[in-house]
Amino acid sequence: MTSFVWELVPTKIVILNKFELYRQLSFGADLVIVMTMFIVTTAVFMVLVKRPQTPYRLQFLMVSLFLLSYSFISALALFADVWWVEGVLLVLKVAAVCAATGTIIAMLRLRWKLATVVSLPSPEDLNALNLELEKEININREESAKLAKAEQQFRTFLKHAPDGIVIFDSSGVILYLNDMAEILYQYEHEELLGKPVVVLIPERLLHFTERLDVDDIDTEAILARLEKKDWTALRKDGTEFPSEIGLSGFTLDGDDVVLMTVRDISERRSLEEKMRKDSTQLAHLSRVSSVGQMAAGLAHELNQPLTAISNNTYTANQLVERLPRKEPLLQATIKESYESAQHAGRIIRSLRQLIKKTDGTRQATDLNELVATTVDFLMPEAKSANVKINLNLSTVLPQIMIDPVQTKQVILNLGLNAIEALKTATTGQQPKAISIGTKLDDEHVIVTVADNGPGLSAEMQANLFQPYISSKETGMGLGLSICKTFVESQGGTLHHRETRNGGATFYFQLKVQ
Amino acid sequence: MRHFIFNSKCSKQGLKLEYKISVVDDDLAARTSLQRMLAIHDYSVQVFESGEAFLEQIDQQSYGVVLLDIAMPQLSGTEVQQQLLERGIAIPLIFLTGHGDVPTSVQAMKNGAVDFLEKPYSVDVLLEKLNEALDGERTRQAQAASQCLVLTNFANLTSREKEIMAALSFGHAQRSNKEIAAELNLSPRTVEEYRSRVISKMQAQSITHLVEMAKQVGIYQHKA
């Protein structure tokens, strides 16, 4: 082969006349051009083969194939002298024609898309597009981040809400519960997700006789019953607790969901229960001592007419005795009436003794504490009448021997009277208030109950401690008379005086032994 | 403390005075029935329906007994008693009450009440207590009257007469006129004259009486 090539070359280079020179140079140039063409087209062809994503690959491929075949031809045409080259050339030319035809066909296929081909974006355009895309991507990312943050925030709010929150869908399936709900119901989050909300309600409250099934649950009915503010909730371990339920239904992403808030009101319930019990007890005591004191009050009242009967029958007896004619029967009758009146008096006295015995016993008492517990009972009344209670308790009170039940009753009655008076009164600018005070004075402890209401009219003052006289429509008028009896039976005194700023002040004093 | 009145009213005091029973009770029936009962027993009665009404008309000159209810509106019976004490009026009180609690009754007695009766009281008992109180009053009045009289009379003696009286009553009046005359540097006849004058002025019924009066006015000397 090398001798073949060597043989070729000298034949061309040896002849050195002008024509031959130009021919030599031309040949050289042709050789370079052809080589270059050959290399370039081969390269393009290889690239195209290697890159399947090139747009209009077919067309480029055909073109490059055509050019490649042409470069082959050109290369070989340079050595057309050699006899077999002509043959090969011919073959190649046939191939080139085929390639040309193919190229024409491929190009024809492009004819409608010429505009598109022309408008393919340039690198600069592509860069610009890229930058824009990047910007958009960044913005999206930011928005997503914000959204995620907001969602996170709300999740945190729900999670940490002071009331339990349970969210369930329209079929009652629990979608979410927050930390407090977990604590209240003693479930883990995962344990309740997907479960029907009825597992949180005691069975007996659902009124189902069948076994509970997710499909059987009438969520509408349950929700309707859940609307009741107070409900009993069921914990995981089967224990129950009284709860306050709030419900809110809304649509989220096209689905109907219900948000339920739960609050454990056991403490409130037990407090209410206690207050109710205390109130009942006090009412009972009130009634009991009222009856007792009513009897005592009645007794006292009976004494007056009995005295009159007694005096009058005695007088009548005397007058009959002075008659000129003796009237033994009349006299006997009258005398017996007198005796009966006296007898009735004795009965009443013994009744009073009896009442005194059961009225309670004296014991060493902290008066300030007594006042404080009494104020506890007055609070609800005061609150509903919008009356403030001020306390002014002495710090140097010794314990005194008093009947705590009776004394409490007195303070309570005086306090209730004051609140009652303020209910319908106007105090102008001042807020309605009653003040209860204790103080030590020589050998007495003095308890004062004052109000800034309208005070007492002269008529009321005249009949103040009389039983059965009342300024209230429904009052029996026993309150103050009873108070007085209670105080006096402990050796104390009950008084009323006008306050400087209007309003009534009642005070009683008890001896300190 | 009883106040002594140094004027001619003195002599008018005494047994002849009519004692008024005051009934203080806010209950009409109780008040009226009591008044009627006392009236037919010949007492002089006045009625009051409140403590204030009673206190308004009472003064140092009032004499009698007060029958007092305790449970009354405004001023209670015990408060009336308090008022009387403060004013220095020492009139006997009998409490008549429908209440009857021990502490009040004890306090009332401590403050000088004559008695404390629970309604309906036995009328016999009431009348008994009433008479006791009245007797006590009469005795007291009589004493006061005589005391008043003595002092008034004594005030009317001249200083000389007073001297004589003192001398006369000295040593239980055992001395003779001569001795007294000697002591006072007077003639026995003068002494005799003064003696009868003093006795008459002092309204003494005897020497012993005079000695008593001397004691009352405070000029009695036991021994020299």
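Colleague: Which residues of α12(A) are buried?
Modeller: The buried residues of α12(A) are Leu367(A), Val371(A), Thr374(A), Leu378(A) and Ala382(A). A residue counts as buried if 20 or more other C-beta atoms, placed from the backbone, lie within 10 Å of its own, as exposed if 12 or fewer do, and as partly exposed in between. Helices (H or I, at least four residues) and strands (E, at least two) are DSSP runs, numbered from the N terminus.

Colleague: On what kind of model does this rest, and how are residues numbered?
Modeller: This is a predicted model, in which local features need pLDDT of at least 70 and side-chain atom pairs count only at pLDDT 80 or more, while totals for chains, interfaces and linings use all residues. Residues are numbered from 1 along each chain as its sequence is written, and chains are lettered from A and ligands numbered from 1 in the order in which they are written.

Colleague: What covers the buried residues of α12(A)?
Modeller: The cover includes β6 (363-365), β7 (388-393), β8 (400-402), α13 (404-423), β9 (433-441) and β10 (444-451) of chain A. Contact here requires C-beta atoms, placed from the backbone, to lie within 7 Å.

Colleague: Where is the kink in α12(A)?
Modeller: The kink, of about 40 degrees, is at Leu378(A), shortly before the proline Pro380(A). The bend at a residue is the angle between axes fitted to the seven residues ending there and the seven starting there.

Colleague: And what follows α12(A)?
Modeller: Asn386(A) follows, with a positive phi near 65 degrees.

Colleague: Turning to the sheet, what is the order of the strands?
Modeller: The order is β7-β9-β10-β12-β11 (chain A), in an open sheet of 5 strands with mixed pairing. Two strands pair if DSSP finds at least two bridges between them. The edge strands, each pairing on one side only, are β7 and β11 (493-498) of chain A.

Colleague: In which sense do β10(A) and β12(A) pair?
Modeller: They pair in the antiparallel sense, over 7 bridges, and Val447(A) stands opposite Phe508(A) in β12(A).

Colleague: Which strands does α12(A) lie across?
Modeller: α12(A) lies across β7, β9 and β10 of chain A, at about 175 degrees to β7(A). Axes are lines fitted to C-alpha atoms, for helices over the stretch in contact, and angles run from 0 to 180 degrees between N-to-C directions.

Colleague: How many residues does each chain bring to the contact?
Modeller: Chain B brings 21 residues and chain A brings 27 residues. On the side of chain B that touches chain A, α2(B) gives the most, with 7 residues.

How values were computed
Two residues are in contact if their C-beta atoms, placed from the backbone, lie within 7 Å.
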